[in-house]
Amino acid sequence: MRRQSQFRRVPPRSFPAISRDLVDLGRRFYARGWVQGTSGNFSAVVSRNPFRIAITASSVHKGRMRGTHILQMNESAKPIGGGTFAPSAEARLHLEIVRRRGAGAVLHTHSIWGTILSGSAPHRDVVTIDGFEMLKGLSGVRTHEHAEHIPIVDNDQDMSRLAGVVGDVLERNPDAHAFLLRRHGLYTWGDTLAEAERHVEILEFLFETIGRGATFRPPGGEGNGHGSLENS
């Protein structure tokens with residue numbers, strides 16, 4: 001079970017260093033098609049006492065970010081210092097994930113495949129992925145026989161209410177490495193920004209594999225059979 005106490009602590013990094021890393025990550029993710037337009041948001045913990053988190057500003061194109069587009073905020077989602085930008089509208093979701101999972105970084109993408117998968121079955125609330133070697137890229141997973149259960153959470157524009165729902169979902173699914181917002185996108189996290197980025201890469205690969213597999217049926221055969229949508 002991946003509760004907060006089981007996350008290893010990593011040495012703190014400076015806000016300028018984290019800002020540079022988030023800017024660079026935005027360019028990489030935009031190039032992959034995972035954060036088109038102004039979609040997506042990223043954060044990383046700067047310090048835990050006092051609590052400070054670096055987070056992308058609201059409505060910023062992730063492929064064109066500059067250091068000024070990365071803000072610091074406290075545990076109440078209030079920005080620290082001046083500036084003309086506001087934190088991402090989904091800042092409270094990042095804080096909830098950090099609080100519940102003890103994560104060092106949280107990443108949110110809006111890929112085509114993640115969006116399709118999250119909305120393909122309106123009354124289903126879990127995506128289960130098993131049997132893929134790539135699952136071993138998720139923290140703590142040692143075999144392709146692992147079954148990853150990814151909750152689907154209904155989207156909501158009330159971020160305080162949605163954060164509460166996300167918190168409950170994380171408590172009920174302590175082994176989950178991620179969740180999907182329905183017809184919206186992926187949230188995943190890690191001890192470090194590098195680990196969270198790896199989780200995005202693994203999960204987006206798997207989402208695309210499942211999506212393409214659902215549309216490909218070899219002659220006389222069936223699909224890959226290793227991805228499913230179900231009620232929890």
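Residues are numbered from 1 along each chain as its sequence is written. Because the model is predicted, local features need pLDDT of at least 70 and side-chain atom pairs count only at pLDDT 80 or more, while totals for chains, interfaces and linings use all residues, and side-chain values use heavy atoms, with hydrogens and water left out.

In soluble globular proteins, nonpolar side chains tend to be buried together. A nonpolar core is here a set of buried Ala, Val, Leu, Ile, Met, Phe, Trp, Tyr and Cys residues joined through side-chain atoms within 4.5 Å, where buried means under 20% relative accessible area, exposed over 50% and partly exposed in between, for a 1.4 Å probe and protein chains only. The largest nonpolar core holds 24 residues, of which Leu93, Ile97 and Phe179 touch the most other members. At least two residues of this core are supplied by each of strand 2 (51-56), helix 2 (91-101), helix 4 (159-172), strand 7 (178-181) and strand 8 (185-190), helices (H or I, at least four residues) and strands (E, at least two) being DSSP runs numbered from the N terminus. Helix 4 gives the largest share of this core, six residues. Apart from it lies another core, of 21 residues, among them Val23, Ala54, Ala57 and Met65.

The axes of helix 2 and helix 4 come within 9 Å and cross at roughly 25 degrees; axes are lines fitted to C-alpha atoms, for helices over the stretch in contact, and angles run from 0 to 180 degrees between N-to-C directions. Helix 2 and helix 4 are therefore roughly parallel, a term for angles under 35 degrees, with over 145 counted as roughly antiparallel, 65 to 115 as roughly perpendicular and the rest as oblique. Helix 1 (residues 15-31) and helix 5 pack at about 10 degrees with their axes 12 Å apart, and are therefore also roughly parallel to each other.

Strand 2 and strand 3 pair in the antiparallel sense over four bridges, pairing requiring that DSSP find at least two bridges between the strands. Within this pair, Ile53 stands opposite Met73 in strand 3.

His199 is found in helix 5 (residues 193-215), and counts as buried because its relative accessibility is 0%. Beyond its neighbours within four places in sequence, His199 is in contact (heavy atoms within 4.5 Å) with Gly137, Leu138, Ser139, His177, Thr188 and Trp189.
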